[in-house]
Amino acid sequence: MARRVAIVGTGQTDHRSHRPDVNGREMIYEAVKRALDDCELSIHDIDAVVIGNMDHFESINYVDTWSVEGSGAVMKPIMKVTTGGTTGTSVAIAAYYHVASGLFDRVLAIGWEKNSESDTTAAIITCSDPIWDRFSYSGAIPSLATEASAYMKQYGATQEDAARVAVRDRTHALNNPHAHLRRPITVEDVMASPMLAYPIKLLDVCPRTDGAAAVVFAADGVAQKIAPKPAWIRACAVRHTYTWFGDVDYNAGLVSLQGASREAYQQAGIRNPAEDIDVAELYLPYSYAGLKWIEELGFCGPGEGPGFIQDGHTDMGGKIPVNPSGGVISTNCIGATALLRVAEAAGQVMGKASQRQVPDVEVALATGFGGCFWSDMVILGTVRP
Amino acid sequence: MTVNLDQVEPLTLKGQIAVPYTWWVGEVGSKFLIALRDEAKIIGNRCTKCNTTYVPPRKNCGSCFTDIYEFVELGNEGIVSAHTVVRFKYPLQPVESPFAYALIRLDGADVGLVHIIKRDLDRLKNGVRVKAQFKDPSERTGHILDIDSFQII
């Protein structure tokens, strides 16, 4: 039987397009120190570390060993977990598994990226099959452009509908001192930004960011002594569908997220997501995901995403605020991006989200997304499960 | 499955990935490289908690997990604590063989500096004293090989 596990502390860097002042290991150290300070622990209290970044992004492919000076894992168990876009939720879920297993009481999860150090697309295309898909359809944009076009055709959604998602996230980022892009934008700005691949324009997509995040997980009995209000793990789920891009049924939606959310909702006892969940930190790498994927998550019905956004239900003060942090469209240090979703959701549950706090959060949702349409889910809550 | 490779030609797909990188050295590492480039000096730093003097300097002590603030100038001399002589040629080698890779314990440092020795290889053994030979100022770029090599004294 798995032990109950809670998040007791989080830390993140102040995210920027370039961090010339530190190398990757030093940037990791900043996030770890902040996480330890947040829960008033010392590195000597940590029993094990799970760390991840994107393969090929910094040419740091043995990050477990290379990082120890900054991660604090000198002479401790450390393991690298690298799963592309979902790396951040994977390190969180792996840290949860470590503690739930009963083998470790306090485990540190770390995600980081120095996007400024390499050519993102040259690295990212290695996610797809080298013989069949890599020559034509890899990288961040092509499959997302296909998904967005299919959604627009199916439900009559417009580019302006998507632009409202980008405007929401960038507006929320104004409350987050750690966010990378903190300049407000309008729907007109999004519409006027350069077209990348129809219908995706520059301001519809996430930036490339240098940054790191760290989250401390603790076991039942230990967690309550560390944090007055720990964020309990209520559910985790991971789903994959990709082997061939051509097999994806774009009209069926993001099937991995549908499956992961169904599983996680069942674990957490959530029947009506928009009512039962108080805040969501969603891995939305581009604006159209903010229309479609909230349908997969059951926040609204199929095709209702644009209306749900336009009515303000996902704004601060709305029915289910989405991305109070500003989300991925405002900050995207890729190996840390999904862990930031978990950290921000935990901060909401623990009541420590300062200017971006949603009032009275009892249940918070975090998601991770990977480039070939895979999905992770983590549900956190104030109530010990 | 048995495949007779005399009779079939297995299909393969050739590929390579070429990803350009630009690594930020950071403030602490830059102090070291700038001192090499501009002053021909070797800088380390000392953890005041465990008294370890590191070279190259680093932002924090990995063992104590505390920031390091105290920078120290190390001597340009030290002793060889381990080495290997390279006699074959390979494109990624920093210089033409023969040369030696060596771990050098600089005077005042508690850890080794990884570098190369190019001359007098017949006299090279662990424990010999060596001295840093810097490149000419015009050739120094802020790189670990601004120290051209170490020379046996």
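This is a predicted model: local features need pLDDT of at least 70, side-chain atom pairs count only at pLDDT 80 or more; totals for chains, interfaces and linings use all residues.
Taken as a whole, chain A contains 16 helices and 11 strands. Its C-alpha atoms fill a box of roughly 55 × 45 × 40 Å when the extents are taken along the principal axes. A compact globule with 385 residues would have a radius of gyration near 21 Å, and the 19 Å found for chain A agrees with that expectation. Of the 385 residues in chain A, 62% are buried. Where contacts in chain A join residues at least 6 apart in sequence, 78% of them link residues at least 24 apart.

The domain assignment divides chain A into domain 1, made up of 5-120 + 209-226, and domain 2, made up of 128-208 + 230-381. The C-alpha centres of domain 1 and domain 2 of chain A lie 22 Å apart, and the contact between them involves 41 residues of domain 1 and 36 residues of domain 2. On the side of domain 1 of chain A that touches domain 2 of chain A, at least two residues each are supplied by β1, α4 (87-100), β4 (106-114), β7 and α10 (223-226) of chain A. The largest share of this side, eight residues, comes from α4(A). By class, the side of domain 1 of chain A that touches domain 2 of chain A comprises 16 nonpolar, 21 polar and four charged residues.

Strand β1 (residues 5-12) of chain A has eight of its eight residues buried, so this strand is largely enclosed by the rest of the structure. Seven bridges join β1(A) to strand β7 (residues 210-219) of chain A in an antiparallel arrangement, with A:Val5 standing opposite A:Ala219 in β7(A). Strand β1(A) is also joined, by two bridges and again in antiparallel fashion, to strand β8 (residues 231-239) of chain A, where A:Ile7 stands opposite A:Ala231. In a regular strand, side chains alternate between the two faces of the sheet.

When residues up to four places away in sequence are not counted, A:Ala48 touches A:Lys76, A:Pro77, A:Ile78, A:His98, A:Phe104 and A:Val107. A:Ala48 and A:Leu103, which are 55 residues apart in sequence, have a C-alpha to C-alpha separation of 9.7 Å.

Chain A is also in contact with chain B, and this contact takes 23 residues from chain A and 19 residues from chain B. The elements giving two or more residues to the side of chain A that touches chain B are α1 (24-39), α3 (68-71) and α5 (120-124) of chain A. The residues on that side of chain A divide into 10 nonpolar, six polar and seven charged.

Definitions and conventions:
Residues are numbered from 1 along each chain as its sequence is written. Chains are lettered from A and ligands numbered from 1 in the order in which they are written. Two residues are in contact if their C-beta atoms, placed from the backbone, lie within 7 Å. Helices (H or I, at least four residues) and strands (E, at least two) are DSSP runs, numbered from the N terminus. Ala, Val, Leu, Ile, Met, Phe, Trp, Tyr, Cys and Pro count as nonpolar, Asp, Glu, Lys and Arg as charged, and the others, Gly among them, as polar. The radius of gyration is taken over C-alpha atoms; the globule rule is 2.2 Å times the number of residues to the power 0.38. A residue is buried if 20 or more other C-beta atoms lie within 10 Å of its own, exposed if 12 or fewer, and partly exposed in between; C-beta atoms are placed from the backbone. Two strands pair if DSSP finds at least two bridges between them. Domain bounds come from an automatic or database domain assignment.
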